[in-house]
Amino acid sequence: MKVLVIGANGQVGKQLVELLGKSEHEVTAMVRDTDQIPTMEKLSAKTVTGNLEKDFSHAVAGADAVIFTAGSGAHTGYDKTILIDQEGAIKAMDTAKSLGVKRFIMLSSIIPKRLADAPESMKPYYAAKNRADEYLKGTNLDYTIVRPGRLTNEPGSGKIDAAVSLGYKSSIPRADVAHVLFETLEQENTYSKTFEILSGDDSISKALRNV
């Protein structure tokens, strides 16, 4: 499968690209800056430059699947959060639809059931993620929305909990999130589903089979 990773230079994105680069899939990493290309090539990925704030249809053309891991980051302002996490994601969906790409995986976040309960600094982020997720649910794409809890840089354990709703009871290593995105790619039982993931007791394969 030809897989495009949008947000390939992010912390989860790099680990996902590495997994895909070692698999039978053909991975293309979309990066914003040319100085990021050597890193992606070391991970056995093809590269393409693209900017979510501009036309990046050339990057999506020819892909069988798109995995969106891009994010504006914790220290950006409201405008950039909307541009990347909401509008950039929606543009990626629309571009995939227009080019006949069916499989679309969205890396989102566990979102408070009431946005009013979120910390003030996080409300724009959660609102943007929620808007993008809801838009994806309304498309005809074979989508999966993966919502991890608080991300850490601890080594992955390969053990998670996955369910429609888990809440904020724990965190999850970025390495495990990357593995979830990788394993979700071809699991048809995850199509048209949204689920939360946290560190847990089940193997990633078992947890995904049961979502």
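These legends go with a set of close-up views of one predicted model.

Local features are given at pLDDT of at least 70 and side-chain atom pairs at pLDDT 80 or more, while totals for chains, interfaces and linings use all residues. Residues are numbered from 1 along each chain as its sequence is written, and side-chain values use heavy atoms, with hydrogens and water left out.

View 1. Helices (H or I, at least four residues) and strands (E, at least two) are DSSP runs, numbered from the N terminus. Two strands pair if DSSP finds at least two bridges between them.

**View 2. Strands β1 and β2.** Strand β1 (residues 2-6) runs parallel to β2, and 5 bridges join them. Of the 6 residues in β2 (residues 26-31), 5 are buried, so the strand is largely enclosed by the rest of the structure. Buried means under 20% relative accessible area, exposed means over 50%, and partly exposed is in between (1.4 Å probe, protein chains only).

View 3. β4 (residues 65-68) and β5 (residues 103-107) pair in the parallel sense over 4 bridges. Alanine 65 has arginine 103 of β5 as its bridge partner. Contact means heavy atoms within 4.5 Å. Axes are lines fitted to C-alpha atoms, for helices over the stretch in contact, and angles run from 0 to 180 degrees between N-to-C directions.

**View 4. Helices α4 and α5 side by side.** Helix α4 (residues 78-98) packs with α5 at an angle of about 10°, their axes 8 Å apart. The two helices are therefore roughly parallel to each other. The cut-offs are under 35 degrees for roughly parallel, over 145 for roughly antiparallel, 65 to 115 for roughly perpendicular, and oblique for the rest. Among the residues that meet here are Tyr78, Ile82, Ala89 and Met93 in α4, and Pro124, Ala128, Arg131 and Leu136 in α5. By class, the contact has 12 nonpolar, 2 polar and 5 charged residues. Ala, Val, Leu, Ile, Met, Phe, Trp, Tyr, Cys and Pro count as nonpolar, Asp, Glu, Lys and Arg as charged, and the others, Gly among them, as polar.

**View 5. Tyrosine 135 in helix α5.** Zoom in on α5 and you can pick out tyrosine 135. Tyrosine 135 has 22% relative accessibility, so it counts as partly exposed. Not counting residues up to four places away in sequence, tyrosine 135 touches Ile90, Met93, Asp94 and Lys97.

**View 6. Helices α1 and α6 crossing.** α1 (residues 11-21) and α6 (residues 174-184) pack at an angle of about 50°, with 8 Å between their axes. That pair is therefore oblique. The contact includes Val12, Leu16 and Leu19 of α1 along with Ala175, Ala178 and Phe182 of α6. Its residues divide into 9 nonpolar, 3 polar and 1 charged.

**View 7. Strand β8 and its two partners.** In a regular strand the side chains alternate between the two faces of the sheet. In β8 (residues 159-163), Ile160 and Ala162 form the covered face, while Lys159, Asp161 and Ala163 form the uncovered one. β8 runs antiparallel to β10, joined by 4 bridges, and isoleucine 160 stands opposite serine 199 in β10. β8 is also antiparallel to β11, with 2 bridges, and lysine 159 has serine 203 of β11 as its bridge partner.

**View 8. Isoleucine 204 in helix α7.** Isoleucine 204 is in α7 (residues 204-209). At 5% relative accessibility, isoleucine 204 counts as buried. Isoleucine 204 and glycine 158 are 46 residues apart in sequence, yet 5.9 Å apart in space, C-alpha to C-alpha. Leaving aside neighbours within four places in sequence, isoleucine 204 is in contact with Gly158, Ile160, Asp176, His179, Val180 and Glu183.
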